[in-house]
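Student: I've got a two-chain model open and I'd like to learn how to read it. Can we start with the interface and then go on to the aromatic rings?

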Amino acid sequence: MRLKISSGRIIDPANNIDQTGGLFIDEGLIVGIGKSPKGFKAEQEIDATGQIVCPGLIDLCARLREPGEEHKATIASETTAAIASGITSICCPPDTIPVIDTPAVVELIFQHASNSQQSKVFPLGALTHGLKGKTLAEMDALKNAGCIGVSNAYAPIVDTEVLRRALEYATTCEITVHLYCEDDYLRNNGVVHEGPVSTRLGLPAIPETAETIAISRALLLVEQTGARVHFCRISTARSIELLAEAKTRGIDVTADVGIAHLHLTDMDISSFNTDCYVLPPLRSQRDKEGLRTGLANGTITAICSDHQPHESDAKSAPFSMTEPGASTIEMLLPLTLQLVRDKNLTLQQAIAALTSAPAKIAGLDTGNLSIGSRADICIFDPESSWMVETEALLSAGRNTPFASWEMTGKVTHTLVDGNIIYQL
Amino acid sequence: MVCQRSGSSDPADISSLGAHAYYDMNEGMKDVDVVMMLRLQRERMRSALLPSEHEYFKRYGLDEKKLALAKADAIVMHPGPINRGIEIESSIADSERSVILQQVSHGIAVRMAIMAMVMGNQPPENKTLEDKTTGSQSEETA
């Protein structure tokens, strides 16, 4: 089908494009920007006057809960929420039940994603068998099955030699390792950031060093093994310094941050709000500012939702007995745009953090509007305001810390491979 | 040499010893005259080096497809004992291109000779040997 998106402000950070005009799509591919290709006759037209047209968003981490925890959410429910939020590609971590450590689980996820026909889903395979941190997973088989990276999710790799061998093997298999860094001994079943808030609330605390020591260990192993490592969910300002210092030494690593950590601090837990129990924990105001600065200066390049939908029971218990994670996928775009209004990022930078940067990390050929590339596109109204009402969320997870927040920026159309999958 | 990546270069800088390291067996197999397979030496593996035998065979095991990349008359060697289906496909081990059994029998003879020499025995007086070495040298080695 030939489609024209007219009069929108086209922003494509990958190609450094920011112009107002038409975008032309034919047979699922982008065929023209600005001027119409010769003989192009649109069968359908979307008027995007006053709106922003950008590549479809890529979320580096969202839990879809399938297989194994369908009582929390399903691939169908979460990709529906994602597509209405402009997200055309989702990477899902391997901590499903069973773990994504065999090609069979990868195939099952692909099958369910293609049945629901919403966002594209790209699984991360396990780094160690069963995420147990003992023996290596069959990374070559997982890569061949379609995994875009390997990860141990939240599961710790206590044995440093196993981590070394895993990084070496991943290098041999030429696959990116998405590493969540937390020292299991220092975490010691903590649930909140170690600081005045943890003391006041009397909750088991996770010190900053739980993250920084694990990152330091990993950085030294990256230096030794030459592995391609992506650092997931950075939460402290000190971690940003470590990553920046490693980059100046020529260590080629990337990092992302979850959207909640750019907007919330441990103060938001105030009266034991379990929707604010996330991992890594919400940290101090200084850390939040450090993360924003890290994004602005390019130490962190990608923002992800770190979406973790839960059933209500999972959050209705004393704070430290609840399950970690927040439902955030529907706020990813407006909360990222908020960073532009807060003058932390330019609009180009903000959109890059949701499109070209995650595409590069995940090795996807989307996240840009180059001529000839797949027409995965997000169109949004940057001025439209709406309020987060938990009952109105499309995600099966209503556990959002952003309930009753005012959001600015609303997706009006989402296209996948040139097809309009969502329309407001 | 086909090997796994270790560190930012090849294992313990094997290339500094004159070997060329390949990380993809299909690359390393191209146009070779001799393929020498080795057994996984489990007795020396102290840590989590490999995910599984199945994946090892897929990446590093010699099968018909990989052998087809070598020269048409390339021979297949292996010092034994072999692990069928782990480093070598059974049909290749038993094929006409395999010189494994010869290699293993020769290996016994070579070991016997070395042990005899270490224990002070001279090489037997042998015409072919004398042809190749000068008399004075063989006296010196003795």
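This is a predicted model: local features need pLDDT of at least 70, side-chain atom pairs count only at pLDDT 80 or more; totals for chains, interfaces and linings use all residues.

Student: How many salt bridges cross the interface of chain B and chain A?

Tutor: The rule finds one. It joins the side chains of A:Asp140 and B:Arg59, at 2.9 Å from N to O.

Student: Now the rings. What describes a pair of aromatic rings?

Tutor: Two things: the distance of the centres and the angle of the planes. Over all chains, the search gives five aromatic pairs. One of them is A:Phe24 with A:Phe40, edge-to-face at 5.3 Å centre to centre and 80° between the planes. A:Phe24 sits in strand β2 and A:Phe40 in the loop between β3 and β4 of chain A, 16 residues apart. Both A:Phe24 and A:Phe40 are buried.

Student: Why is the pair A:Tyr154 and A:Tyr180 edge-to-face?

Tutor: Because its planes stand at 70°, and over 60 degrees counts as edge-to-face; the centres are 4.8 Å apart. A:Tyr154 is in the loop between β9 and α4, while A:Tyr180 is in strand β10, so the pair ties together parts 26 residues apart in sequence.

Student: Is A:Tyr180 buried or exposed?

Tutor: Buried, at 13% relative accessibility. A:Tyr154, at 22%, counts as partly exposed.

How values were computed. Residues are numbered from 1 along each chain as its sequence is written. Chains are lettered from A and ligands numbered from 1 in the order in which they are written. Side-chain values use heavy atoms; hydrogens and water are left out. A salt bridge is a side-chain nitrogen of Lys or Arg within 4 Å of a carboxyl oxygen of Asp or Glu. Rings of Phe, Tyr and Trp (its six-membered ring) pair if their centres lie within 6.5 Å; planes under 30 degrees apart count as stacked, over 60 as edge-to-face and the rest as tilted. Helices (H or I, at least four residues) and strands (E, at least two) are DSSP runs, numbered from the N terminus. Buried means under 20% relative accessible area, exposed over 50%, partly exposed in between (1.4 Å probe, protein chains only).
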